[in-house]
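Q: Hi! Could you walk me through this structure while I have it open?
A: Happy to, let's look together.

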Amino acid sequence: MILPSFADHGFMQVCWVVPDLRAAVEAWAGTAGVGPFFWFDGVTFTDGRHRGEPAAFPEVSAAIAYAGDLQVELVCQDNDDPGVFRDVFRQGESGLHHLAVTCTDYQAERDAYLAKGAALAFEGVTGTSRTCWVDTTPTLGFMIELLEPSETREAWFSNMRAAARAWDGTDPIVGLG
């Protein structure tokens with residue numbers, strides 16, 4: 001089975017795991033001019049499964065901003081609880097965790113990765129749409145996050161893109177938790 005081509009819907013997000021979320025946001029804003037970052041304490045999923053077992057999503061803080069049309073996500077997990085981020089990095093480590101794509105056909109794209117041997121690291125529902133991380137670290141060195149499209153999700157991302165276009169470089173954090 002051939003994996004889906006991303007030619008018509010390329011990667012829309014790059015995510016780094018970071019040990020200090022505030023420092024990472026300030027570095028991105030100050031060095032790369034990316035902002036403002038929308039800060040979230042916790043991400044809620046229902047029907048979560050980690051490596052095939054029922055599981056809650058890890059307790060994390062995250063911040064999202066846009067650099068043009070590319071979404072930049074920074075994630076900090078301050079504990080050693082198992083989960084999709086600890087699958088790749090131990091506490092205190094940092095690096096590229098995943099690239100994300102909004103799927104044209106979530107189920108088909110998810111199943112194509114699994115048919116090629118990628119493990120389903122985590123899957124659940126947030127809001128009204130499914131999200132999963134497929135473990136492509138053995139072949140790519142990072143995971144792939146697949147997002148099921150929804151009007152709510154796109155409206156949320158659209159508002160963030162608009163905030164980035166209008167950002168004046170001050171106050172790099174929105175919604176500080």
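This is a predicted model: local features need pLDDT of at least 70, side-chain atom pairs count only at pLDDT 80 or more; totals for chains, interfaces and linings use all residues.

A: To begin, leucine 70 counts as partly exposed because its relative accessibility is 35%, which falls between the 20% and 50% cut-offs.

Q: Where does leucine 70 sit?
A: You'll find leucine 70 in strand E6, which covers residues 70–76.

Q: And which residues is leucine 70 in contact with, leaving aside neighbours within four places in sequence?
A: Those would be Phe11, Met12, Gln13, Val14 and Ala65.

Q: Switching topic: what volume does the largest pocket have?
A: About 460 Å³. The lining has 26 residues, and Val43, Thr126, Arg153, Trp156 and Phe157 are the closest to the centre.

Q: Nice. Which element gives the most to that lining?
A: Helix H4 does, with four residues. Strands E5, E6, E9 and E10 each supply at least two, as does H4.

Q: One more spot: is glycine 92 buried or exposed, and why?
A: Glycine 92 counts as exposed, because its relative accessibility is 56% and the cut-off for exposed is over 50%.

Q: Where in the chain is glycine 92?
A: Glycine 92 is in the loop between E6 and strand E7, the latter being residues 95–102. From glycine 92 to arginine 161 the C-alpha distance is 30 Å, and they are 69 residues apart in sequence.

Technical notes. Residues are numbered from 1 along each chain as its sequence is written. Side-chain values use heavy atoms; hydrogens and water are left out. Buried means under 20% relative accessible area, exposed over 50%, partly exposed in between (1.4 Å probe, protein chains only). Contact means heavy atoms within 4.5 Å. On a 1 Å grid over the protein atoms alone, a cavity is a set of points where a 1.4 Å probe fits but cannot get out, and a pocket is an open set with protein on both sides within 12 Å along at least five of seven lines; lining residues have an atom within 4 Å of a point. Grid points are joined across faces, edges and corners, and a volume is the space filled by probe spheres set on the points.
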